[in-house]
Each structure stands twice: as structure tokens, then as C-alpha cells.
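Subject: Structure for your review

Dear colleague,

Please find below the structure that I am handing over to you. A summary of the findings follows it.

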Amino acid sequence: MYTAADNRYANMKYNRSGKSGLLLPAISLGLWQNFGNADQYDNMNSIILGAFDRGVTHFDLANNYGPPGGEAERNFGKMLKEELYAYRDELIISTKAGYYMWPGPYGEWGSRKNLIASCDQSLKRMGLDYVDIFYSHRPDPNTPVEETMQALDSIVRSGKALYAGISNYNAEQTRNAAAVLNQLGTPCLIHQPRYSMLDCWVESPGTSDGKSLLDVVEETGMGSIVFSPLAQGRLTDKYINGVPTNSRIGRSLPNGAIQTKDLSADMVEKIKLLNNLALGRGQTLAQMAIAWLLKDHRVTSVLVGASSVGQLQNSIDALNATAFNTDELQKIESILSQ
Ligand code: NDP
């Protein structure tokens, strides 16, 4: 039976999610990959418990994580029951609905039917009465935003989630969703966008008045938790000398995982330059990539993935050196713009 480390809160930093009362760890752990049927249960268990022992209180899931979809929630539910049950009130658990989950017209997107049925399914798989954050996983071009947001509001009011969030909404869609949720009296807690040194779309103007997604997140009082901060493993030293067979690319995983085509020769050159810069700062490239995201106060939490406890520990150690001087920032910009 697991007993959490006494010093688990000694070194983690906690940031407030926008204007809410909720503090999230600067580094959170996601279960999109490495928590499905093909993965070793003991390894997942060690990653989750190792994270909690270092103050990672937030675990991010979605109905479709696995593979197959649902399996990450099932595996996490088992760990909750067997190891973490006594610590439920120290945990922030999120899940989402919106991507394909079951056949027929109600198994994906943003209808009230999909979100509410999906939330019930997720709670059953994890053995929970409620999740802390429930997300609309992606905007639905064919459902009025009012309907999707009303479904989030209903889920919160029914006690099945404590907070509402949105993911993958662009700047304009985020503004609209926030306005609807505010009117309903359930302010949007958080946005979950993709953001890394290799993919900075959240910084670009995206609204008619030239605001970026990060600007809108701040303007509407939300926090942000940014996913794939290591560009799915490319912002580490693992692909510098080829593709290891046990890496995400080497394993040819489904559902949006990076493939060989996502690692061009130009990108490997950039990665090598960034890696040298990180080593000069006394940290790994993964650590520098995480620290670089945390320098923006609008980033509440960096949502990492990990396939081993060692990787997770390495990523959490990013918090030992988060400051950048102007010269380092300029060098990074110059490498990224090559
Ligand atoms: P990352 O960019 O952090 O990539 C994680 C992968 O990078 C690991 O599986 C591992 O890959 C490698 N890695 C991690 N740490 C290290 C390290 N320190 N040194 C070397 N290699 C390392 O994030 P993910 O793409 O996994 O996404 C993180 C989370 O974000 C997801 O679990 C999910 O919760 C969320 N997410 C949300 C989405 C959404 O639509 N809302 C979409 C995608 C993700 P390897 O297997 O090669 O060892």
C-alpha cells in the first residue's frame, strides 16, 4: 500500500488558474500516451505515484485516451482505488469529451448529449463521483457554442465536475465561449492549448482586434495549461542521433502521435542547437523547453507526458532553473526562426 512522501509539497510551485481560487502545479502530468493497454501497469503506477510524491497534484485525462479509448481512465481509476484513494482531496483530476469515442451521431463533438453521456462514462471508468475539471475537448463547428457551454454548466451544477474548461478553441472561439459561460454563472477555469518552442500559435494575433489566444485567456480571467510542451519528445536529446525504437516516433503510435515525417533534418539541426544552449545553462533540453514556457505569467501549468519515472523526474527538475537572461532568449529566438 502506497504512502505519499512527507515532503511532497516542499519544492513544487503552484500557480493560480486565472482569476479563480484554484492553484495548479507548475508542472502537471497527462495520460494521453503511455497509459493504454499496450503499456506496463507497474510503469504507469510508478510514474503517477512518483509525480504525486513530487507535488504534481494534477493529472489530465480524456475519454479517448488509451489506446484503446477509455483505457487510460480505467488504469488511472485502478490506481486511484488501490493507491491514491486516501489522497483524493489533494488531487485535481480532469477529463474531456469531444473527440470520437463511440459509434453513431452522439459519440463525439460538442452536443449536450455527447458531453453529458461522456462525463457519466468517464466517472464510471475512473470510479469517481466527480472530476475536478471537465473540458470541451475541441470546438464543434456544427453545434451552437451556447449548447456546448450549457452542457459544461449543467455538468458543474450537477456536481459531476467542480470547474469547466475548454481545449483547442482558437482566440475568437475562446472569447465567445467565455462570454457564454460567464452569463451562465460558471466562469471558464482554464484553456488547454498546444504550445511549445516548436509551435507558438498561441502567441499570434487571432481575433478581429489582433489579440492572441494568450491575450484572450488573460482578458477573460482564465488560466492556461499548455500541452505537448516537449513537442511530443522532439524537444529532448532523444532524436539527435536517430530514432530510438522505444521512442514515440519509433513505436508508430496512433491518434495524432508524431511520426517519422514530423522529424525533418532541419528540425534535428534546430534541436541540436537548442540542446547545446540548454547544456550551457546546466540543464537538459526538456528542462529548458519547460522553463521557457513558464516564463510567461499567463501559463498556469505545463502539461507534460512521460514514458518513464526518470523522464518525469527530469522534467520536474526544470523548476530548478526557470530564469532566462536576454542573451539566452535572443539565441533561442534566433534558432527557432532559422
Ligand atoms: P510532451 O510534449 O511532454 O511529450 C511527452 C513525451 O516526450 C513522453 O511520452 C516521452 O516520449 C518524451 N519525454 C518526456 N519527458 C522527457 C524527458 N525529460 N526526456 C526525454 N524525453 C522525454 O507531451 P505529450 O504530447 O505527451 O502531451 C502531454 C499531455 O498533454 C497529454 O498526456 C494530454 O494530457 C495533453 N494533451 C492534450 C491534448 C488536447 O487536445 N487537449 C492533445 C495532446 C496532449 P517517449 O515515448 O519517446 O519516451
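Strand β9 (residues 223–227) and strand β10 (residues 301–304) run parallel and are joined by three bridges. Within this pair, isoleucine 225 has serine 301 of β10 as its bridge partner. Strands (E, at least two residues) and helices (H or I, at least four residues) are DSSP runs, numbered from the N terminus, and two strands count as paired if DSSP finds at least two bridges between them.

Please note that this is a predicted model, in which local features need pLDDT of at least 70 and side-chain atom pairs count only at pLDDT 80 or more, whereas totals for chains, interfaces and linings use all residues. Residues are numbered from 1 along each chain as its sequence is written.

The pair β9 and β10 belongs to a barrel, which eight strands close in the order β3-β4-β5-β6-β7-β8-β9-β10 with parallel pairing. From one strand to the next, the twist averages 30 degrees.

Helix α2 (residues 71–84) packs on helix α3 (residues 112–126) at an angle of about 45 degrees, and their axes are 7 Å apart. Axes are lines fitted to C-alpha atoms, for helices over the stretch in contact, and angles run from 0 to 180 degrees between N-to-C directions. The angle makes α2 oblique to α3; under 35 degrees counts as roughly parallel, over 145 as roughly antiparallel, 65 to 115 as roughly perpendicular and the rest as oblique. Glu73, Arg74, Phe76, Gly77 and Leu80 of α2 meet Ser122, Arg125 and Met126 of α3, where contact requires C-beta atoms, placed from the backbone, within 7 Å. The residues of this contact comprise three nonpolar, two polar and three charged. Here Ala, Val, Leu, Ile, Met, Phe, Trp, Tyr, Cys and Pro count as nonpolar, Asp, Glu, Lys and Arg as charged, and the others, Gly among them, as polar.

Helix α7 (residues 265–280) and helix α8 (residues 285–294) cross at roughly 85 degrees, and their axes come within 8 Å; the two are therefore roughly perpendicular to each other. Leu274, Asn275, Leu277 and Ala278 of α7 make the contact with Leu285, Gln287 and Met288 of α8.

Finally, 30 residues surround the ligand, the closest being Gly30, Trp32, Phe227, Gly233 and Gly305; a residue is near a molecule if its C-beta atom, placed from the backbone, lies within 6 Å of it. The elements giving two or more residues to this shell are β10 and α9 (309–316), and α9 supplies the largest share, three residues. By class, the shell holds 10 nonpolar, 17 polar and three charged residues.

Yours sincerely

How values were computed:
Two residues are in contact if their C-beta atoms, placed from the backbone, lie within 7 Å.
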